[in-house]
Amino acid sequence: MATIDITDAKELTLAVNNNLEPNRFLASFFTTLTHNTKDVMIDFVEGTQKLAPFIRDGQEATISNRGGFNTRSVHCYDIAIKRRTTAFDALKRAPGEAPAVASAMNPMQRAAMLAGRDMRELQGNVRRTIEKLISDELFTGVVNIKDANGTTIDSIDLGLDAGHKFNKTWSAAGYKGIVSDIEEAATKIAEDSGLTASDVILGSTAAENAFKNDFFMKQLDTKNLANITAAVSLRVGRGARLVGTVGGLRIWRYDEIFKDSSDTTQKIIPASGVVVLSDAMQATLHYGVAGDIENGFFEGEFAADTWYEKDPPVQWLRVRSAPLPVIEQIAGVATITVS
């Protein structure tokens, strides 16, 4: 049995993780749908906003033509990321593991622990990509599929009308139009989609400008946050802070970040960006089938597999997914760029 010299033993605090799994606030507005194929057909229904007219007594009924729909086929591209664990990795002390204890993990236990931690981190990378895709399509109406070099593989134009993109100045301390600017965007959503706007998401700079504005803060209702939070519990704890309501619209601040190819920290929601949307809009997070012939194909959010190389001894972990977030009712979104 191993003996420990307690006069020389060291203790550690718990491991500190400064890069937690990404929050999924934007994805909470989407319905998840998995498929057993890579190609998905989506029907975009036009609908109608016409009034039903009256008729005189004895007159025949008025003909009403149903709205048409457009069918589009989209492809769910693969994300495949892998990480290796060497024999030396399995021999190293794990984060938070005491350096001198009789019950230290053996290399096999440590390798299993590393695999589980790597799995969570790789899945987190995929989810962060999904959040960024959603943010891009909210502001541009286009889903851009890019490779590791930032080169666009494919694009899906959702047809966002230019009239849903507003530019406003919120920097002046005496500006009294912040609420009316938000209402203008909400009205545009109602006119073009028939949906009622429900949520406003503020980027960091836009939020700071709004919170420094006395006129806006007087109209911001923060009294019933507990009841509002209970009503939207699905979105609470996903990285956005519910700060109040204005005119019946929930106001959120979202500060999630990502690191670009140059390792520079960027905001998921542009700092000067504001999103106004309806939580009733049709938006779907599609997942195409993931896998291959050797390991099998899986209908779900993720597929994972491992393999070994003998010299030098390496275990590889690969996580695959084929996500495609699509806002079918893009008219249910309006954005404001704040200067």
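Guide: Let us begin with the terms. Helices (H or I, at least four residues) and strands (E, at least two) are DSSP runs, numbered from the N terminus. Contact means heavy atoms within 4.5 Å. Axes are lines fitted to C-alpha atoms, for helices over the stretch in contact, and angles run from 0 to 180 degrees between N-to-C directions. This is a predicted model, in which local features need pLDDT of at least 70 and side-chain atom pairs count only at pLDDT 80 or more, while totals for chains, interfaces and linings use all residues. Residues are numbered from 1 along each chain as its sequence is written, and side-chain values use heavy atoms, leaving out hydrogens and water.

Visitor: Across which strands does helix H4 lie?

Guide: Helix H4 (residues 204–211) lies across E8, E9, E10, E13 and E20, and runs at about 125° to E10. Helix H3 (residues 178–193) lies across E7, E8, E9, E10, E13 and E20, at about 150° to E20.

Visitor: In what order do the six strands of the open sheet stand?

Guide: Two strands pair if DSSP finds at least two bridges between them. Here the order is E7-E20-E13-E8-E10-E9, with mixed pairing. Strands E7 (165–168) and E9 (240–246) are the edges, each pairing on one side only.

Visitor: How many bridges join E7 to E20?

Guide: Four bridges join these parallel strands; through one of them, lysine 165 has threonine 335 in E20 as its partner.

Visitor: Is valine 74 buried or exposed?

Guide: Buried means under 20% relative accessible area, exposed over 50%, and partly exposed in between (1.4 Å probe, protein chains only). Valine 74 is buried, because its relative accessible area is 7%.
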